[in-house]
Amino acid sequence: MRALGSVALAWLLLLHQLAGASHVVYENLLETEAATTEAVPPSIVDPLLRTGYHFQPQKNWINGNAVNLFIRDLGRAPMYYKGWYHLFYQYNPKGAVWGNIVWAHSVSRDLINWMALEPALEPSIASDKYGCWSGSATILPDGTPAIMYTGVNRADVQYQVQNVAYPRNASDPLLREWTKPAHNPIIVPEGGVNGTQFRDPTTAWRDERDGRWRLLVGSREEARGAAAAPRGVAYVYRSRDFRRWARARRPLHSARTGMWECPDFYPVTADGRRAGLDTSVSSSGTRVKYVLKNSLDLRRYDYYTVGTYDRRKERYVPDDPAGDERHLRYDYGNFYASKTFYDPAKQRRILWGWANESDTAADDVAKGWAGIQAIPRTVWLDPTGKQLMQWPIEEVEALRGKSVTLKNRVVKPGQHVEVTGLQTAQADVEVSFEVSTLAAAERLDPALAHDAQRLCAVKGADVAGGVGPFGLWVLASANREERTAVFFRVFRPARGNNKPVVLMCTDPRKSSLNPNLYQPTFAGLVDTDISNGKISLRSLIDRSVVESFGAGGRTCILSRVYPSLAIDKNARLFVFNNGKADVKVSRLTAWEMRKPLMNGA
Ligand code: DQQ
């Protein structure tokens with residue numbers, strides 16, 4: 001069993017030496033050999049931009065497809081209070097860029113305070129010699145977990161196979177050591193499968209009718225016609241013993257989107273309850289819908305559809321026939337390679353995504369770290385069945401400290417109101433807005449009606465409107481030359497419709513005086529009925545991340561920003577209204593957020 005001591009020491013030594021934030025064009029790094037931290041110069045990015053309560057290792061590169069599992073107190077009766085949450089994530093132990101990928105491992109009692117352990121999986125066998133890439137954990141019927149992961153077994157073409165690993169000692173609730181059986185690899189690309197695009201096995205689910213396990217592996221199939229786009233594919237593999245796996249004749253689903261990384265496939269209750277379902281939920285009983293999420297390698301966003309799983313045909317059918325093109329996203333900002341897991345302690349499904357940096361790769365190397373995890377979100381199906389809802393897990397509220405509340409404060413057109421009396425560089429803000437009238441709403445340009453991101457780029461926070469833009473300026477400097485706007489803008493109903501169109505947007509174009517940043521506007525439409533004038537917003541602000549939830553979690557946007565002035569005690573918070581209609585803040589509460597134990601021991 002490995003001792004925690006060395007990790008603790010390393011953690012203490014490294015704490016507070018780390019800094020900043022940066023934009024990494026991750027795709028461009030895939031071919032790059034990792035830099036090491038040995039040559040890291042003193043930080044050029046302010047250390048106060050390092051996030052306080054978002055998950056981060058002590059240093060180096062982290063990328064998505066975190067695998068989470070909740071282990072009941074192993075070997076005993078299920079006693080949830082003794083359980084641990086485990087997070088495994090893609091990590092470069094040698095530097096702040098992608099490369100040398102291992103499975104780093106952290107454990108937590110509450111998904112907020114984390115202890116770092118030694119990596120769970122490192123390259124050590126022929127079938128993972130060049131990297132332990134993404135995968136998933138499955139709890140087997142006897143309560144022990146199995147990890148399925150992608151191993152890279154050829155460096156030149158990054159050839160990918162699937163391996164399995166088991167805990168060396170299942171009675172250790174921290175699962176510190178993992179073994180790789182000699183029969184690895186257990187799934188290899190064959191029968192026309194593209195071995196260089198074949199990765200990220202899902203959590204397996206078991207069909208009680210035949211007792212067989214199923215899992216998906218993401219892939220890409222080249223198109224037949226020269227002009228056609230390659231297809232993203234989710235292959236189904238089946239097994240009785242978790243050792244011999246055979247591919248089903250047809251994939252679960254596919255679409256013309258390019259490579260599907262990190263597929264995730266899970267059941268949700270169809271009646272709008274927040275209760276989550278185990279991935280192996282039985283086919284009878286509760287009315288169940290399914291979600292298929294894929295991380296689109298070409299776009300670097302996570303897209304999902306809601307649909308039906310036909311167990312007999314082993315096929316998934318999205319409810320919306322155009323769903324694969326319609327592009328519902330978990331998050332309309334910086335959020336990729338996410339994964340969900342079922343938490344039996346609180347009977348909920350939790351979604352966790354990764355956000356990379358938005359400054360330069362040179363900044364990453366300089367500050368010695370890159371990448372964070374978003375705050376875990378409870379995810380459930382909206383009663384309409386059309387989309388998912390998301391909300392930060394309740395545990396994050398334990399970090400709330402000093403608070404300030406505003407009530408019934410009217411913000412006139414062109415005005416702003418500062419929320420004073422607390423520091424807001426690390427804060428949680430919940431606001432309920434009420435617009436006085438919808439009559440002033442602008443006409444929506446039909447050419448932009450289906451492109452929220454372009455709409456926001458054209459109609460940013462500083463473009464005066466009718467109903468909105470109104471919302472928050474967060475991480476703002478005293479006289480607001482730096483500010484990140486998180487806001488709504490309401491448009492008249494589109495032709496043939498009677499619902500006003502609500503745009504939610506994060507506009508970081510004024511977030512920093514630093515010119516070397518990637519500052520895209522991020523936006524999504526909010527499928528809500530605003531005819532009573534009411535809409536809510538929550539923003540989790542954490543030094544270099546702003547994670548926002550519109551209308552109770554209908555539309556979510558995570559954005560990375562790197563102020564040069566609005567740092568630490570100099571960060572301010574405002575409510576603004578740049579429209580023609582009055583906007584009332586019915587209630588706003590802002591809390592200072594404490595720093596949890598973040599990968600200490
Ligand atoms: N990166 C991993 C892959 C996954 C992608 C390699 C997304 O397994 O497809 O680190 O993070």
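Predicted model: local features only at pLDDT ≥ 70, side-chain atom pairs only at ≥ 80, totals over all residues.
Me: Where does Gln-56 lie in the secondary structure?
Reply: Helices (H or I, at least four residues) and strands (E, at least two) are DSSP runs, numbered from the N terminus. In those terms, Gln-56 lies in the loop between helix H2 (26-29) and strand E1 (60-71).

Me: Which residues is Gln-56 in contact with, leaving aside its neighbours within four places in sequence?
Reply: Contact means heavy atoms within 4.5 Å. By that criterion, the partners of Gln-56 are Arg-50, Thr-51, Trp-369, Gly-371, Ile-372, Met-598 and Asn-599.

Me: What share of the contacts in the protein with a separation of 6 or more comes from residues 24 or more positions apart?
Reply: The protein has 601 residues, and buried residues make up 61% of them. Its secondary structure comes to 5 helices and 38 strands. Among contacts with a separation of 6 or more, the share from residues 24 or more positions apart is 67%.

Me: How far apart in space are Asp-359 and Asn-514, C-alpha to C-alpha?
Reply: Asp-359 is found in the loop between strand E21 (348-355) and helix H4 (361-367). This aspartate counts as buried because its relative accessibility is 2%. Asp-359 and Asn-514 are 155 residues apart in sequence, and their C-alpha to C-alpha distance is 9.4 Å.

Me: How many salt bridges does the count come to?
Reply: A salt bridge is a side-chain nitrogen of Lys or Arg within 4 Å of a carboxyl oxygen of Asp or Glu. One of them joins the side chains of Arg-168 and Glu-177 at 3.6 Å, N to O. By this rule the count comes to 44.

Me: How many residues apart are Glu-261 and Arg-300?
Reply: The side chains of Glu-261 and Arg-300 meet in a salt bridge at 3.3 Å, N to O. The pair links distant parts of the chain, with Glu-261 in strand E15 (residues 260-269) and Arg-300 in the loop between strand E16 (288-296) and E17; the two are 39 residues apart.

Me: Why does Arg-300 count as buried?
Reply: Glu-261, its salt-bridge partner, is buried, with a relative accessible area of 9%. Arg-300 is buried too, because its relative accessible area is 11%.

Me: How many residues separate Glu-418 and Arg-572?
Reply: Their side chains meet in a salt bridge at 3.3 Å, N to O. The pair links distant parts of the chain, Glu-418 in strand E27 (residues 416-418) and Arg-572 in strand E36 (residues 572-577), and the separation is 154 residues.

Me: What is the relative accessibility of Arg-572?
Reply: Glu-418 counts as partly exposed at 27% relative accessibility. Arg-572 also counts as partly exposed, and its value is 32%.

Key:
Residues numbered from 1 in each chain as written. Heavy atoms only, no water. Buried < 20%, exposed > 50% of the residue type's maximum accessible area, 1.4 Å probe, protein only.
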